[in-house]
Amino acid sequence: QVQLVESGGGLVQAGGSLRLSCAASGRMFSSFVMGWFRQAPGKEREFVARISWSADITDYADSVKGRFTISRDNAKNTAYLQMNSLKPEDTAVYYCAVKRTPSSPYDYWGQGTQVAVSS
């Protein structure tokens, strides 16, 4: 079992920055992929970014490329999402998730952290 706890959300003006953290605990596997998703009111949850265990592979949704950066510190079992140049359309609840291999579904999810961007 893996527990994920997100933090770092808040209210920010458009153009501002936030850094989200996702702390993982429990049974971790060396192949774990960590990802970030978000869900805006009235919309389905969507993929934001993911990072491989060794951090040599990252992937981003087109809507955040060039603005968001995903990273991880395996010694701390923590993933980060640096969000710059925030836009009102980035407003959502952000969730982190992990999956055991690149090809498996995401097994574990955090409770989410709210990000609100004002215009």
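A nonpolar core is a set of buried Ala, Val, Leu, Ile, Met, Phe, Trp, Tyr and Cys residues joined through side-chain atoms within 4.5 Å. Buried means under 20% relative accessible area, exposed means over 50%, and partly exposed lies in between (1.4 Å probe, protein chains only). This is a predicted model: local features need pLDDT of at least 70, side-chain atom pairs count only at pLDDT 80 or more, and totals for chains, interfaces and linings use all residues. Residues are numbered from 1 along each chain as its sequence is written, and side-chain values use heavy atoms, with hydrogens and water left out.

**Nonpolar core**
- The largest nonpolar core has 31 residues; W36, L81, M83 and Y94 touch the most other members.
- Two or more residues each come from β1, β3 (18-26), β4 (33-39), β5 (46-51), β7, β8, β9 (92-99) and β11 (113-118).
- Strands here are DSSP E runs of at least two residues, and helices are H or I runs of at least four, numbered from the N terminus.
- In soluble globular proteins, nonpolar side chains tend to be buried together.

**Four-stranded sheet**
- Four strands form an open sheet in the order β1-β3-β8-β7, with antiparallel pairing.
- β1 (2-7) and β7 (68-73) are the edge strands, and each pairs on one side only.
- Neighbouring strands of this sheet are turned by 15 degrees against each other on average, direction ignored.
- Such angles are taken between N-to-C directions, from 0 to 180 degrees, with axes as lines fitted to C-alpha atoms (for helices, over the stretch in contact).
- β7 pairs with β8 (residues 78-83) in the antiparallel sense, over six bridges.
- Two strands count as paired if DSSP finds at least two bridges between them.
- R72 has A79 in β8 as its bridge partner.

**Disulfide**
- There is one disulfide in the structure.
- C22 and C96 form this disulfide, with sulfur atoms 2.0 Å apart; the cut-off for such a pair of cysteine sulfur atoms is within 2.5 Å.
- The pair links distant parts of the chain: C22 sits in β3 and C96 in β9, 74 residues apart.
- The link of C22 and C96 is right-handed, with 55 degrees about the S-S bond.
- C22 is buried at 0% relative accessible area, and C96 is buried at 1%.

- A55 is not a glycine, yet its phi is positive, near 65 degrees.
- A55 lies in the loop between β5 and β6 (58-60) and is partly exposed at 36% relative accessibility.
- N77, also not a glycine, has a positive phi of about 50 degrees.
- N77 lies in the loop between β7 and β8 and is partly exposed, with a relative accessible area of 23%.
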